[in-house]
Amino acid sequence: MSTSRSVEQWDEEFECLIDLTLGLMALNEGQRYVNRIQRMPMHTSIRTGHQYMLELINDHPDRLFNKIRMYRPCFEMLIQVLRQQTALQNSRFLTLEEQVMIFIYVISQKATNRMAMEDWQHSGSTISIVFTRICKAIASLSPIFIKPPNFDDVPDEIWFNPKYYPYFQDCIGAIDGTHIAAHAPSNVANNYRGRKSNVTTNMLAVCSFNMLFTYVVTGWEGAVHDSRVLTTQLEDPNSGFPHPPPGKYYLVDSGYSNKPGYLAPFRNVPYHLRDVRRRGGRINGPTELFNYRHASLRNCIERCFGVLKARFPILRFMTNFSLVRQREIAMCCCVLHNFIKLHNMDDPLFQRFGVDGVMPPPDSDDEDNTASSSGTAANPHGYGGNDENLANSMRDHIMIQMYLHYNM
């Protein structure tokens, strides 16, 4: 009899436990349903994104510069150009000014989506849509703002400097590559690992001596050498690369071959500016004099990269965008670099890096191509024999004339 009662008691307790469990589950589902129907508002700050934009524009000029790395007149000119050259307009809830400021804020502050949501009081999806829209529009302006100069003119930076004229009077710019921080899928990440094992993309750029980019190609894997990138662009008839006219040439470092159209320094000779400055500016021989002045003039491309990465830290700390978007971001940064250079002569970053001979901070991801290296550079375009001899003879002629005048 006692056994029968204990079994019945256990059955009752078990049924109560099941009822309690089902009740808790129903209560939980009911609460989730209520939460879906009545969501708690998140972006409820008194200061809206539009008000924040107006505050930055109308307050102290340095507040806007510190936030988006450009001053108000330059920003307003950019808005005008985007309205004229693209299909961008005000959206239903955001003005074009706010959309553009959100994009530049993200690339200037290496801000994440969550940070932009909090600062501008918009949802994450809105921030992503705005970022993509503005990124595509600014990248589409590259043919307008990134284009070669008139090759018939001697650059003022050469014409008015006795260190360079008449020796480099046929020089039309400088070429180099730089590494951009990247995110890559795990199955291809090794292709994007550079010399320091960081995941990067390689960007090849040509610049004029007034620190304007005249050609840019982005998105190459970080493991690819600069010379291979240049080779591919030279051999691709659709690359748009501005080939030097006969008798003209670009300055390149020792990572490239010395050949017609591309003047490289002498190998196994000190090249970097810091090597000569370490000895108090003392020059030992004609090849060292040539390398020093070559490096001093080619330094414009290093200063361009210095300004670019100082203004847009996202290039050093890229967030998790697709590879296609990362290429567009790098191109946008170059477009904005040129735009600011053309429309704001008093820009602090250009003033900081614009002085001849100023050395930007070294980039640990960039390859250290030095003229004292003993390796053999890649030979883009397959030049050899008479072509190399012609280029070497021209370099020797410049060196001799330079050293003769140096000792007078």
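The side chains of Arg 63 and Glu 55 meet in a salt bridge, with N and O 2.9 Å apart; the term stands for a side-chain nitrogen of Lys or Arg within 4 Å of a carboxyl oxygen of Asp or Glu. This is a predicted model, in which local features need pLDDT of at least 70 and side-chain atom pairs count only at pLDDT 80 or more, while totals for chains, interfaces and linings use all residues. Residues are numbered from 1 along each chain as its sequence is written, and side-chain values use heavy atoms, leaving out hydrogens and water.

Arg 63 is partly exposed, with a relative accessible area of 31%, and Glu 55 is partly exposed at 30%. Here buried means under 20% relative accessible area, exposed over 50%, and partly exposed in between (1.4 Å probe, protein chains only).

The structure holds 11 salt bridges. In another of them, Glu 97 pairs with Arg 83, the closest N and O atoms being 3.4 Å apart. Glu 97 lies in helix α5 and Arg 83 in helix α4, so this pair ties together parts 14 residues apart in sequence. Helices are DSSP runs (H or I, at least four residues), numbered from the N terminus.

Asp 347 and Arg 311 also form a salt bridge (2.6 Å, N to O). Asp 347 is in the loop between α13 and α14, and Arg 311 is in helix α12, so the pair ties together parts 36 residues apart in sequence. Both Asp 347 and Arg 311 are buried.

Helix α7 (residues 124-139) has buried residues including Ile 127, Val 130, Phe 131 and Ile 134. An α-helix has 3.6 residues a turn, so residues three or four places apart point the same way.

How values were computed
Helix = DSSP H or I, 4+ residues; strand = E, 2+ residues; numbered from the N terminus.
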